[in-house]
Amino acid sequence: DKVICNSGFTKRFIDKEYGVDSMVVYPPVDVNNFKPLKKENIILSVGRFDSSLHAKKQDLMIQIFKKMYQKELKDWQLVLIGGCSIDQSGYLKKLELLSNDYPIKIIVNASFRTLKEYYGKAKIYWHAAGFGVDREKEPEKVEHFGMTTVEAMAAGCVPIVISAGGQPEIVEHHRNGFLWKTEKELIDLTL
């Protein structure tokens, strides 16, 4: 009797495509599982290592971090955590090569304990899925909600996330985090 979506962003496309008036029910996130720990100079991003349909853009984040590391972030580390299937091992290898000689840690298929630890230690949380995508023509390539952003915020990370998809439904710019549209904005807001 009812069509349910995971965000207002998704609702917009579902309603138009199927001629319905869907209802938004945000995904449950057990925020009590995530606690701030002693913060370290870590920028964290969590998402599967996948270069196909729903790419999390870890390659972009690595390139931006490398630029920033050379100038402003000498005592910082970028940590990327995510799952990886066998068919995406080539993308993972590309990320590892891009990371050479920089304080970039890639953790594949981390335990929940490790994930919670990094959420707790990280000062900043980056999210870039949907960057460079025409959101009207390819909405499936944009983050529809952003459960990892909610988890990071629960652990006391400052979210600096792309202003696309469901992210603006979680993060209010300059209130509980920051939204960016360009690489320059990501850099400036991070600094």
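Start your tour by selecting K184 and D188: they form a salt bridge, with the closest N and O atoms 2.6 Å apart. (A salt bridge here is a side-chain nitrogen of Lys or Arg within 4 Å of a carboxyl oxygen of Asp or Glu.) Both residues lie in helix α7, four residues apart, about one turn of the helix. K184 is exposed, with a relative accessible area of 56%, while D188, at 42%, counts as partly exposed. (Buried means under 20% relative accessible area, exposed over 50%, and partly exposed in between, with a 1.4 Å probe and protein chains only.)

A word about what is on your screen: this is a predicted model, in which local features need pLDDT of at least 70 and side-chain atom pairs count only at pLDDT 80 or more, while totals for chains, interfaces and linings use all residues. Residues are numbered from 1 along each chain as its sequence is written, and side-chain values use heavy atoms, leaving out hydrogens and water.

**The sheet**

Next, show the strands. Six of them form an open, parallel sheet in the order β5-β4-β3-β6-β7-β8. β5 (104–108) and β8 (178–180) stand at the edges with a single partner strand each, so one side of each has no neighbour in the sheet. From one strand to the next, the twist averages 20°. (Strands are DSSP runs of E with at least two residues, helices are runs of H or I with at least four, and both are numbered from the N terminus; two strands pair if DSSP finds at least two bridges between them.)

Zoom in on β6 (residues 122–127) and β7 (residues 158–162), which pair over four bridges. Here Y125 stands opposite P159 in β7.

**The core**

Now select I43, F65, L78, W126 and W180. These have the most contacts inside the largest nonpolar core, which has 33 residues. (Such a core is a set of buried Ala, Val, Leu, Ile, Met, Phe, Trp, Tyr and Cys residues joined through side-chain atoms within 4.5 Å.) Helix α2 gives the most to this core, with seven residues. A second, separate core of 22 residues includes F34, I107, Y125 and I170.

**One more stop**

Finally, pick D21 and K11, a salt bridge with its closest N and O atoms 2.8 Å apart. D21 sits in the loop between α1 and β2 (23–24) and K11 in helix α1, so the pair ties together parts ten residues apart in sequence.

How values were computed. Axes fitted to C-alpha atoms, helices over the stretch in contact; angles between N-to-C directions.
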